[in-house]
Structure formats: C-alpha cells, structure tokens
Amino acid sequence: MKARVTVTLKSGVLDPQGKAIEGGLAALGFAGVDSVRQGKVFDLEISGRDADSARADLAAMCEKLLANTVIENYDIEIL
C-alpha cells in the first residue's frame with residue numbers, strides 16, 4: 001500500500017524559507033505571487049495493512065517523527 005504524508009507549517013507560524021522563495025520568484029520576474037508557504041512530502045510504502053490500520057500507523061509516525069505537531073499540521077493520503 002502506498003501513502004503520502006504532507007506536512008506544512010500551521011498558519012501564523014513564521015516561514016522564513018517560504019519568504020525566501022517568494023523573494024526569489026519575484027527576483028526572477030514572476031509577478032503576482034502574494035505568498036509562499038513551504039512544506040514536506042513523504043511518500044511511503046507500507047506492507048500488509050488495511051487502509052484504516054495504515055492510516056492509524058501513519059498518524060503515529062507523524063506524531064512521533066515526521067511532523068513537529070507544535071508548529072506543523074499533517075495530512076495523510078492513502079494512494
């Protein structure tokens with residue numbers, strides 16, 4: 001089974017890397033970009049689990065390692 005976990009900063013958390021990307025895009029001539037927020041994507045392959053069990057395990061992985069839940073949100077997608 002394949003899954004994708006997307007981790008993004010919570011709204012209100014400062015995103016200096018996003019700001020740097022925003023500035024870089026403007027410097028390259030891409031007008032109209034009002035805001036950039038960066039994040040992380042994890043593609044995982046999980047063997048021998050049903051979707052509900054896999055989702056529960058993925059949530060535990062996010063809570064323990066993949067995301068800093070104080071400042072980040074995560075979204076789990078079973079592919």
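A residue counts as buried here when its relative accessible area is under 20%, and as exposed when that area is over 50%. Keep that cut-off handy for the tour, and remember that you're looking at a predicted model.

**Stop 1: Glu 22**

Select Glu 22, which you'll find in helix 1, residues 16-27. Is Glu 22 buried or exposed? Its relative accessibility is 16%, so Glu 22 counts as buried. To see what is around it, show Val 33, Asp 34, Ser 35 and Val 36: Glu 22 touches these once you set aside its neighbours within four places in sequence. Glu 22 and Ile 78 are 56 residues apart along the chain, and their C-alpha atoms are separated by 31 Å.

**Stop 2: the sheet**

Next, colour the three strands: strand 1 (2-9), strand 2 (39-45) and strand 3 (72-78). They form an open sheet in the order 2-1-3, with antiparallel pairing. Strands 2 and 3 stand at the edges with a single partner strand each, so one side of each has no neighbour in the sheet. On average, neighbouring strands are turned by 15 degrees against each other, ignoring direction.

Zoom in on the pairing of strand 1 with strand 2, which is antiparallel and runs over seven bridges. For one example, pick Lys 2 and look across to its bridge partner in strand 2, Glu 45.

**Stop 3: helix 2 on the sheet**

Now bring in helix 2, which packs on the sheet and touches strand 1, strand 2 and strand 3. Compare directions while you're there: that of helix 2 makes about 155 degrees with that of strand 3.

Show the side chains of Ala 54, Leu 58, Cys 62 and Leu 66, which are buried residues of helix 2. Why do these four end up on the same side of the helix? They cover an arc of only 80 degrees around the axis, which puts them on one side together. Strands 1, 2 and 3 are among the elements that cover the buried residues of this helix.

**Stop 4: the ends of helix 2**

Go to the start of helix 2 and select Asp 50. One of its side-chain oxygens reaches to within 3.1 Å of the backbone nitrogen of Asp 52.

Notes:
Residues are numbered from 1 along each chain as its sequence is written. This is a predicted model: local features need pLDDT of at least 70, side-chain atom pairs count only at pLDDT 80 or more; totals for chains, interfaces and linings use all residues. Side-chain values use heavy atoms; hydrogens and water are left out. Buried means under 20% relative accessible area, exposed over 50%, partly exposed in between (1.4 Å probe, protein chains only). Helices (H or I, at least four residues) and strands (E, at least two) are DSSP runs, numbered from the N terminus. The arc is that of the directions from the helix axis to the C-beta atoms. Contact means heavy atoms within 4.5 Å. A polar contact is a pair of N or O atoms within 3.5 Å; within protein, one must be able to donate a hydrogen and the other to accept it, and residues adjacent in sequence count only if both atoms are side-chain atoms. Two strands pair if DSSP finds at least two bridges between them. Axes are lines fitted to C-alpha atoms, for helices over the stretch in contact, and angles run from 0 to 180 degrees between N-to-C directions.
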